[in-house]
Amino acid sequence: MNIMSRIVGVLSGKGGAGKTTTAVNLGVALTKLGKSVVLVDSNVNTPNVSLHLGMNFTPFTIQDIIENEPYIPQAIFIHESGLRVIPADFSLKDGHVDIGELKNHMHKLAGDSDYIIMDCAPGLGPDARAAIDACSEFLIVTNPETPAVADAYKTYKAIKSINGKILGLVVNKVNNDGYELQAGEIENFFNESIIGIVPEDKSVRSAVQNRVPVIIHRPNSKAAKAYKKLAMHIEGVRPRTLSDILFEFLKPDRKK
Ligand SMILES: Nc1ncnc2c1ncn2[C@@H]1O[C@H](COP(=O)(O)OP(=O)(O)OP(=O)(O)O)[C@@H](O)[C@H]1O
Ligand SMILES: [Mg+2]
C-alpha cells in the first residue's frame with residue numbers, strides 16, 4: 001500500500017537547543033507506537049544523528065542521495081529500535097552537495113513510511129531553508145531563555161511566510177529556576193501552543209554520552225516521558241487514563 005509520509009522538520013533558532021535530541025527520541029517513540037519512521041539528518045555541515053544513535057560507519061549518506069538518488073535503499077540504516085535512519089556524512093571531504101535538491105529526494109522517499117523526520121540545521125542558512133522547503137509540518141525547538149526564543153521566532157516567521165504547518169513548540173532544557181520565560185509567555189509571544197516541555201535532565205547527557213536515545217537509555221526519566229508524550233500528541237494518541245486501565249482489567253473480553 002502506498003502511504004504518504006508526514007514530513008516533519010525539527011527546527012530551532014539557536015544551535016544546541018535540542019533539535020537532534022528531539023528528532024532522535026521522537027523518531028524512536030513513534031516507532032515504538034507502531035509507526036514506520038525514517039529519520040533524516042539534513043544538518044549536512046554539522047551532522048550529529050549518527051552520534052546520538054551510536055551508528056558507526058555507514059556506506060551511504062544523505063549526501064550520496066542528493067548526488068545520486070539510486071543510493072536511497074543502501075543509505076537507510078536500521079537502528080535496533082526499528083527506526084530507519086539516513087545519516088549525513090561527517091567526514092571533512094571536499095565538495096558540497098546541492099542542498100536545494102533535498103526536497104525532490106525527500107518527496108521520492110515519501111511513499112514508504114508514515115513519517116519522515118528531518119533533523120535540521122540551526123538558524124536560517126541555506127541548509128535550514130532547504131529543509132523548510134522539503135517539509136510539510138514543523139516543530140520548533142527552543143530553550144526557555146529570551147535570546148533562544150527571539151531566534152526561534154525568526155525561524156517561526158520564515159515558516160509562516162511560506163504558510164507552513166506548525167505542529168507546535170517544544171521547550172527543552174526547562175529548569176524552572178526563576179530565570180526563564182514561562183510557558184504562557186512563550187505561547188503568547190508566538191501565538192502557538194507548546195506541545196512538549198522537556199526538563200533539563202542529566203539522563204539526556206548520559207544518553208548522548210552513551211550514544212543511546214534517552215527513551216531507551218533511561219525510559220523512566222523525566223525527559224524520556226516528555227518525548228513519549230510528545231510522540232503521542234503528534235500521532236493523536238490519547239494517554240491511557242486510570243479508567244481505561246480499570247476497564248481493560250475488568251472487561252478483558254471487550255478489548256479490541
Ligand atoms: N533536556 C535536556 N537536558 C539536558 N541536556 C540536554 C537536553 N536536551 C539536550 N541536551 C544536551 O544539549 C546538547 C545539545 O543538544 P542537541 O544536539 O540535541 O541540540 P541541537 O539543537 O541539535 O544542536 P545543533 O544546533 O548543534 O544541531 C546535547 O549534547 C545534549 O546532551
Ligand atoms: Mg543537532
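At roughly what angle do the axes of helix α7 and helix α8 cross, and within what distance do they come? In this predicted model, local features need pLDDT of at least 70 and side-chain atom pairs count only at pLDDT 80 or more, whereas totals for chains, interfaces and linings use all residues. Residues are numbered from 1 along each chain as its sequence is written, and chains are lettered from A and ligands numbered from 1 in the order in which they are written.

The axes of α7 (residues 146-161) and α8 (residues 183-190) come within 11 Å and cross at roughly 35°, where axes are lines fitted to C-alpha atoms over the stretch in contact and angles run from 0 to 180 degrees between N-to-C directions; helices are DSSP runs of H or I with at least four residues, and strands runs of E with at least two, numbered from the N terminus. Val149, Tyr153 and Tyr156 of α7 make the contact with Ile186, Phe189 and Phe190 of α8, contact requiring C-beta atoms, placed from the backbone, within 7 Å.

Tyr153, which lies in helix α7, counts as partly exposed because it has 16 C-beta neighbours inside 10 Å, the class between buried (20 or more) and exposed (12 or fewer). Apart from neighbours within four places in sequence, Tyr153 is in contact with Gly13, Phe189 and Phe190, while its C-alpha atom is separated by 19 Å from that of Ser136, 17 residues apart along the chain.

Definitions and conventions. Two residues are in contact if their C-beta atoms, placed from the backbone, lie within 7 Å.
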